[in-house]
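I opened this notebook to keep track of what I looked up in one structure. The entries follow in the order I made them.

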Amino acid sequence: MTIAPTEHPADSQPSPPLTRALLGAELLIVLGLSLGASGIGAVISFVDSVTRKVALGQQIAPLNSSLAPGRPWIDLAWQLYYIGRGLMPVVLVGYLLVREGSSLRVLGFDLRRKLSDLGRGAMVAAAIGGSGLALYLGSRAAGFNLTVVPSGLPDVWWRIPVLIASACQNAVLEEVIVLGYVVRRLGQRGWGWPATLAASSVLRGSYHLYQGVGGLVGNMVMGAVFCLLYRRWGRVMPLVVAHALIDTVAFVGYVLLAGHVSWLPTG
């Protein structure tokens, strides 16, 4: 005789609705595991920098540093590990959206409009990249910013590919989380557009504060522009492309130009 499996009462209960409280808790958890935590760390780093006896412009904010100096294969393994780990919050957001009955497509993170997204992203990168560089150079000269060193990787064959991969990881993480996910969840919680735009922009600026005031202000302005474009286009993908291009030019350009042009500060 076959005995039917016993059904636990909890198995037949529907999932609880996504209330404002649950959405708020979810948002805090995602940010606490990703860029919200980075923002807190950046604030601590900035306080540390401004309380030192050395001027901000003479201090260094390193990016893409070597993780195993003198051991290139171990260094490469660590670089790939951190790039992969850095994308896990995006995977979490994708899972949460699927649980909601949606997907990352609702944020416009897909390949349905490749040419359009690439063209728009390139235009945005061209418009923002130059002004961002000018702001950085000006704020550093005024003593408000640290010297940003975009690459401290050794001169090995994988340096440029890893820098490009790092730029793409930054772009996907920041735009999916800070732009698509945060804007969506705040809207679902009943926030108005001005408050949502301000929150997303301040969050973006906060985790760049370790670079100095210029990093904070410049990225807040960039965040506001990206929010407006996201609202108009309804897709994060063009902004992912723009961000990836901006960071790639910054990282790779530093490797190619550092020490060869007088206007580019080096560590």
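Entry one, cysteines. I looked up Cys227 and found it buried, at 0% relative accessibility; buried means under 20% relative accessible area, exposed over 50%, and partly exposed in between, with a 1.4 Å probe and protein chains only. Cys168 is partly exposed, at 35%. I then looked for disulfides, a disulfide being a pair of cysteine sulfur atoms within 2.5 Å. The count is zero.

A note on the source: this is a predicted model, in which local features need pLDDT of at least 70 and side-chain atom pairs count only at pLDDT 80 or more, while totals for chains, interfaces and linings use all residues. Residues are numbered from 1 along each chain as its sequence is written, and side-chain values use heavy atoms, with hydrogens and water left out.

I found Val172 in helix H6, residues 159-188; helices (H or I, at least four residues) and strands (E, at least two) are DSSP runs, numbered from the N terminus. Val172 is buried, with 16% relative accessibility. I listed its contacts, meaning heavy atoms within 4.5 Å. Leaving aside residues up to four places away in sequence, Val172 touches Leu87, Val90, Phe109, Ile177 and Val240. I also checked Val241: its C-alpha atom is separated by 8.7 Å from that of Val172, though the two are 69 residues apart along the chain.

I placed His208 in the loop between helix H7 (193-206) and H8. Is His208 buried or exposed? At 11% relative accessibility, His208 is buried. Beyond residues up to four places away in sequence, His208 touches Glu174, Gly215, Leu216 and Asn219.

Entry four, aromatic pairs. I used this rule: rings of Phe, Tyr and Trp (its six-membered ring) pair if their centres lie within 6.5 Å, and planes under 30 degrees apart count as stacked, over 60 as edge-to-face and the rest as tilted. The whole structure has four aromatic pairs. One of them, Trp73 with Trp157, is tilted, at 6.0 Å centre to centre and 55° between the planes. This pair links distant parts of the chain, with Trp73 in helix H3 (residues 72-86) and Trp157 in the loop between strand S2 (147-149) and H6, 84 residues apart. Trp73 is exposed, at 60%, and Trp157 is exposed, at 60%. Trp78 and Tyr82 form a stacked pair, at 5.8 Å centre to centre and 25° between the planes. They are separated by about one helical turn because they lie four residues apart in helix H3. Lastly, I noted that ring pairs link Trp78, Tyr81 and Tyr82 into a cluster.
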